[in-house]
Amino acid sequence: MIAPAGRWLGASVVLGRPVPVAAPYPHICRMTVTGLMTGVVYVVERRQCAACARPLPLPTPPTSDPIDPIEET
Ligand SMILES: [Zn+2]
């Protein structure tokens with residue numbers, strides 16, 4: 001299998017080094033960043049960190065049979 005080529009742009013900017021997409025996305029939470037265009041300094045929050053993001057849990061199936069409204073009448 002060929003490793004994908006490219007870089008995680010956001011993580012590369014925050015960390016100040018190229019981050020290859022073949023590697024797992026690094027945590028950038030709690031890091032201080034200076035906006036390239038604005039010069040504004042801010043701290044990356046966990047909700048902005050892709051490494052902290054977790055997939056949503058799958059919905060749980062119903063434990064009992066759903067009530068059929070046609071049979072209830
Ligand atoms: Zn994180």
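A residue is called buried if 20 or more other C-beta atoms lie within 10 Å of its own, exposed if 12 or fewer do, and partly exposed in between, with C-beta atoms placed from the backbone. The structure described here is a predicted model, in which local features need pLDDT of at least 70, side-chain atom pairs count only at pLDDT 80 or more, and totals for chains, interfaces and linings use all residues. Residues are numbered from 1 along each chain as its sequence is written.

The predictor's confidence in each residue is given as pLDDT, from 0 to 100. The protein averages a pLDDT of 85, and 93% of the residues score at least 70. Helices (H or I, at least four residues) and strands (E, at least two) are DSSP runs, numbered from the N terminus. The protein contains 2 helices and 2 strands, in the order α-β-β-α from the N terminus on. Among these elements, strand β2 (residues 41-43) has the highest mean pLDDT (94), and helix α2 (residues 69-72) the lowest (69).

The radius of gyration of the protein is 22 Å, whereas a compact globule of 73 residues would have one near 11 Å; the radius is taken over C-alpha atoms, and the globule rule is 2.2 Å times the number of residues to the power 0.38. Along the principal axes, the C-alpha atoms fill a box of roughly 65 × 40 × 20 Å. Of the 73 residues, 7% count as buried. Two residues are in contact if their C-beta atoms, placed from the backbone, lie within 7 Å. Of the contacts between residues at least 6 apart in sequence, 13% join residues at least 24 apart.

A nonpolar core is a set of buried Ala, Val, Leu, Ile, Met, Phe, Trp, Tyr and Cys residues joined through C-beta atoms within 7 Å. The largest such core has 5 residues, namely Trp 8, Ala 11, Val 14, Val 19 and Ile 28. Not counting residues up to four places away in sequence, Trp 8 touches Val 19, Val 21 and Tyr 25.

Met 31 lies in the loop between α1 (9-15) and β1 (32-34). Met 31 counts as partly exposed because it has 15 C-beta neighbours inside 10 Å. Apart from neighbours within four places in sequence, Met 31 is in contact with Val 14 and Val 44. Met 31 and Leu 15 are 16 residues apart in sequence, with a C-alpha to C-alpha distance of 8.5 Å.

Arg 30 is also placed in the loop between α1 and β1. Arg 30 has 10 C-beta neighbours inside 10 Å and therefore counts as exposed. Although not a glycine, Arg 30 has a positive phi of about 70°. Most residues other than glycine have a negative phi.
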